[in-house]
Amino acid sequence: METWSFVDSGHLTPALNMALDEALMNWHSEGKIPPVLRFYGWKPAGLSVGYFQKVQGRIDLEGVKRNGYELVRRQTGGRAVLHDDELTYSIIVSEDHPQMPASVKEAYLVLSQGLLEGFKRLNINAEFAIPEEKLNSTGSAVCFEEPSWYELIVDGKKAAGSAQTRKKGVILQHGSIPINVDENKLFDMFIYKNERIKERARKSFADKAIAINDIVEHAVDYHTTRNAFKAGFEKGLNIELQPLEISEAQWKEIYDLAEKKYSSDEWNYSR
């Protein structure tokens, strides 16, 4: 059984969360740390947009501010995700790791085994999505409206969303596991042609996505969810997790990256 590092960074700002993921990726690429599983939350809550996603004309920036959220752009692609009452995970592992397939899609299948096992520990019967060809894709800016390959679904509804990038020989996969979702706040941050279309999208969202506390018999919190998925990833990836101590100098590197990159308008609003 292989030993990976484990980082439980608690609730950080959106900029710090993205900076810490990037720093871990850099350190692993440089051979300073082993593969890493990280869990985290967001304070304040954040709206993360995909690396290639346009903000202008798609995201209601006044709605983001009105709800007290902060926008940040991810390194990974995909559509916008509201990170509020959820467990977020990230996995950092080398592309040449013996268990990592070359293709992005097949790597999703391997890494998402941990998500599948985590849901099992909450007595949730999740399964992998096998999407049909997206000839009728909605074109929505909202991530949880459509599952991608090997994302987790429950009763046909998306229960966890993930995104992946590869840089410097390293895979970064991170994703959102909603515990509760406020649909009104979510749709308050996207631009629609009119209120009628917006309301229709909001109402149909319940048929496309689901949160943990919509499923379980007794409501769970962040800590219960974290413990379930930590055990799930250990089993699903056949690894043992050991806490990673981040030094004061490394935290300074993270804070500098958060300020210079992930808090900058140039990075967040450039598309």
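Which side chains meet in a salt bridge with an N to O distance of 2.8 Å? I looked this up in a predicted model, and I found the side chains of Arg38 and Asp21.

**Entry 1**

I placed both partners in the chain. Arg38 lies in strand β2 (residues 36-42) and Asp21 lies in helix α1 (residues 14-29), so the pair ties together parts that are 17 residues apart in sequence. I then looked up the accessibility of each partner. Arg38 has a relative accessibility of 0% and therefore counts as buried. Asp21 is buried as well, with a relative accessible area of 1%.

**Entry 2: further salt bridges**

I noted the general idea first. Side chains of opposite charge can pair when their charged atoms come close. The count for this model comes to 14 salt bridges.

I examined Glu117 and Lys235, whose side chains meet in a salt bridge at 3.9 Å, N to O. This pair links distant parts of the chain, with Glu117 in helix α4 and Lys235 in helix α7, 118 residues apart. Are Glu117 and Lys235 buried or exposed? Glu117 is buried, with a relative accessible area of 9%, whereas Lys235 is exposed, with a relative accessible area of 53%. I also recorded that Glu117, Lys120, Arg121 and Lys235 are linked in a network of salt bridges.

I turned next to Lys203 and Glu199, whose side chains meet in a salt bridge at 4.0 Å, N to O. Why are Lys203 and Glu199 separated by about one helical turn? They are four residues apart in helix α6 (residues 195-205), and this spacing is the reason. Lys203 counts as exposed at 56% relative accessibility, and Glu199 is partly exposed, with a relative accessible area of 30%.

**Entry 3: aromatic rings**

A pair of aromatic rings is described by the distance of the centres and the angle of the planes. I recorded a count of twelve aromatic pairs in the model. Tyr51 lies in the loop between β3 (46-49) and α2 (61-66), and Trp267 lies in helix α9 (residues 265-268), so the pair ties together parts that are 216 residues apart in sequence. Tyr51 counts as partly exposed at 23% relative accessibility, while Trp267, at 14%, counts as buried.

I then compared the setting of Phe119 and Phe229. Their ring centres are 5.1 Å apart and their planes stand at 85 degrees, so this pair is edge-to-face. Phe119 lies in helix α4 (residues 113-121) and Phe229 in helix α7 (residues 222-237), so the pair ties together parts that are 110 residues apart in sequence. Both Phe119 and Phe229 are buried.

I noted one cluster, in which ring pairs link Phe6, Phe39, Tyr89 and Phe233.

**Entry 4: charges over the ring of Tyr51**

I returned to Tyr51 to look for charged side chains. Which residue has its charged end over the ring of Tyr51, 4.3 Å from its centre? I found Arg271 in that position. Lys167 also lies over the face of Tyr51, at 5.7 Å from the ring centre.

**Entry 5: strands and sheets**

I followed an open sheet of three strands in the order β4-β3-β5, with mixed pairing. Strands β4 (70-73) and β5 (81-83) stand at the edges, each with a single partner strand, so one side of each is left without a neighbour in the sheet. Neighbouring strands of this sheet are turned by 25 degrees against each other on average, direction ignored. Strands β3 and β5 run antiparallel and are joined by three bridges. In one of these places, Ser48 has Val81 in β5 as its bridge partner. Helix α1 packs on the sheet and touches β3 and β4, and its direction makes about 20 degrees with that of β4.

I also traced the partners of strand β1. How many bridges join β1 to β2? I recorded six, and the two strands run parallel. Within this pairing, Asp8 stands opposite Phe39 in β2. Strand β1 (residues 2-12) also pairs with strand β11 (residues 239-243), in the parallel sense and over five bridges. Here the bridge partner of Trp4 is Leu241 in β11.

Key
Residues are numbered from 1 along each chain as its sequence is written. This is a predicted model: local features need pLDDT of at least 70, side-chain atom pairs count only at pLDDT 80 or more; totals for chains, interfaces and linings use all residues. Side-chain values use heavy atoms; hydrogens and water are left out. Rings of Phe, Tyr and Trp (its six-membered ring) pair if their centres lie within 6.5 Å; planes under 30 degrees apart count as stacked, over 60 as edge-to-face and the rest as tilted. Buried means under 20% relative accessible area, exposed over 50%, partly exposed in between (1.4 Å probe, protein chains only). A charge sits over a ring if NZ of Lys or CZ of Arg is within 6 Å of the ring centre and within 35 degrees of the ring normal. Two strands pair if DSSP finds at least two bridges between them. Axes are lines fitted to C-alpha atoms, for helices over the stretch in contact, and angles run from 0 to 180 degrees between N-to-C directions. Contact means heavy atoms within 4.5 Å.
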